[in-house]
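Hi everyone, thanks for coming. Let me put the sequence and the structure up on the screen, and then we can walk through some details together.

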Amino acid sequence: MATIRLWFGRQNFCLLKKRSFLLLKLTAVVFAVLLFCEFLIYYVVIFRCNWPEVKTPAYDGKQETLDPVLKAMFLADTHLLGEVRGHWLDKLRREWQMERAFQTALWLLQPEVIFILGDIFDEGKWSSSQAWADDVKRFQKMFRHPQHVQLKVVAGNHDIGFHYQMNTYKIKRFEKVFNPERLFSWKGINFVMVNSVALEGDSCNICSEAEAELIEISHKLNCSREQEHRSSRCGDGPPLPASAPVLVQHFPLYRRSDANCSGEDAAPADERDIPFKERYDVLSREASQKGSMTPTEYALAKCYLPFEHTVLTVYCGAAGFLVVLILVHLGLLGSPFVLGWKLLRKFKTT
């Protein structure tokens, strides 16, 4: 009786050991896949992004020197989902991806200034005060950044509404969270932050104020070009850097279509020739002619994020591997290593 009990005890111990080993393998595979797909993949992809090289030679009479270079990162249309159209699972997935991509890029690329070109929120044009506060809190958590990194944001039509939807309350609510600064200079570069939703040209109160601000900024920029012979209209304040400004806004300047656009993020071929609608897809011709010229001393590099189908492929492959492990453990499928060894031996013998 003692021998039988001992044999059963050893058998149970071996069975428990096999099950524990299987559970350990399954846990290790699941953890490794989650770690790669939800964390490491962002480092793998964004690590291939590099700052473009910009050389702007300046001469001091003896040798060639280089002007300081500003590293700026541009994002657009984050569209954080709100309480009306945002399902909790969709919000969780999207916001995790955006947070990981942003924080990884921030750590690897270390930009000095970050611009978000509008449409930060998806439902800002109609969200209640409480919903707006919740959305802002989520945004600040996702796009947190060190104090030495500047974060500049302009309004989009989903933040304050289209021209016929926006009002002073929505604009003030937006500017209370995001600095309403219209002119921003750093390292000798001037950036003009424009509320492009207000460039409708119909002389509404908000539009008139926006145009007046642009006229005032234009006056300051013109004065910066007259540092040697400044007129009395320029005042005695410190002049701005004498550089062409960079226009930062949500709506793109007028163009007929995407016919001349190319690259991985270009519109599908059958949509590139579709004409854009003025004041909806792009600014009007009239408003675009009032825009500032962007300087030529710059270099641009696009940085792409992990494709969703890549992540899904990895998950599906891992799921298939787990199924094979379980079937091998249950004896319903021969071990791939054993099958491979038998095929190899059979090949050698023949």
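Let me begin with a term: I call a residue buried when its relative accessible area is under 20%, exposed when that is over 50%, and partly exposed in between, using a 1.4 Å probe and protein chains only. By that rule Ile217 is buried, with a relative accessible area of 8%. Please keep in mind that this is a predicted model, where local features need pLDDT of at least 70 and side-chain atom pairs count only at pLDDT 80 or more, while totals for chains, interfaces and linings use all residues. Residues are numbered from 1 along each chain as its sequence is written, and side-chain values use heavy atoms, with hydrogens and water left out.

Back to Ile217, then. This residue lies in helix α6; helices (H or I, at least four residues) and strands (E, at least two) are DSSP runs, numbered from the N terminus. Which residues does Ile217 touch, leaving aside its neighbours within four places in sequence? With contact meaning heavy atoms within 4.5 Å, the partners are Arg182, Leu183 and Val192. Val192 is 25 residues from Ile217 in sequence, and their C-alpha atoms are 8.0 Å apart in space.

Next, the sheet. Strands of a sheet pair through backbone hydrogen bonds, either parallel or antiparallel. Here we count two strands as paired if DSSP finds at least two bridges between them. On that basis there is an open sheet of three strands, ordered β3-β4-β5, and the pairing is parallel. At the edges are β3 (72-75) and β5 (150-153), each of which pairs on one side only. From one strand to the next, the twist averages 20°. Axes, by the way, are lines fitted to C-alpha atoms, for helices over the stretch in contact, and angles run from 0 to 180 degrees between N-to-C directions. Helix α2 (residues 88-109) packs on this sheet and touches β3 and β4, with its direction at about 165° to that of β3. If you look at β3 and β4 (residues 113-116), you'll find four bridges in the parallel sense, and Ala72 stands opposite Val113 in β4.

On to the aromatics. How many aromatic pairs does a search of the whole structure find? It finds 17, where rings of Phe, Tyr and Trp (its six-membered ring) pair if their centres lie within 6.5 Å, and planes under 30 degrees apart count as stacked, over 60 as edge-to-face and the rest as tilted. Take Phe139 and Phe178: their ring centres are 5.3 Å apart and their planes are at 85°, so this pair is edge-to-face. Phe139 sits in helix α3 (residues 129-142) and Phe178 in the loop between α5 (168-177) and β6 (183-186), so the pair ties together parts that are 39 residues apart in sequence. Phe139 is buried, at 3% relative accessibility, and Phe178 is buried too, at 8%. Both belong to a cluster linked by ring pairs, together with Phe102, Phe121, Trp132, Phe143 and Phe174.

Some rings also have a charge over them, meaning that NZ of Lys or CZ of Arg is within 6 Å of the ring centre and within 35 degrees of the ring normal. The charged end of Arg100 is over the ring of Trp96, 5.8 Å from its centre. Lys152 lies over the face of Phe184, with 4.4 Å to the ring centre.

Now the cysteines. Taking a disulfide as a pair of cysteine sulfur atoms within 2.5 Å, the count comes to one. Cys49 is joined to Cys303, with 1.8 Å from S to S. The torsion about their S-S bond is about 80°, so the disulfide is right-handed. It links distant parts of the chain, 254 residues apart: Cys49 is in the loop between α1 (2-46) and β1 (57-59), and Cys303 in the loop between α7 (285-289) and α8 (308-330). Cys49 is buried at 13%, whereas Cys303 is partly exposed at 35%.

Last, some backbone angles. Most residues other than glycine have a negative phi, and most peptide bonds are trans. His79 has a positive phi of about 50°, and is found in the loop between β3 and α2. Ser203, in the loop between β7 (189-193) and α6 (205-224), has a positive phi of about 65°. Are these two buried or exposed? His79 is buried, at 18%, and Ser203 is exposed, at 60%.
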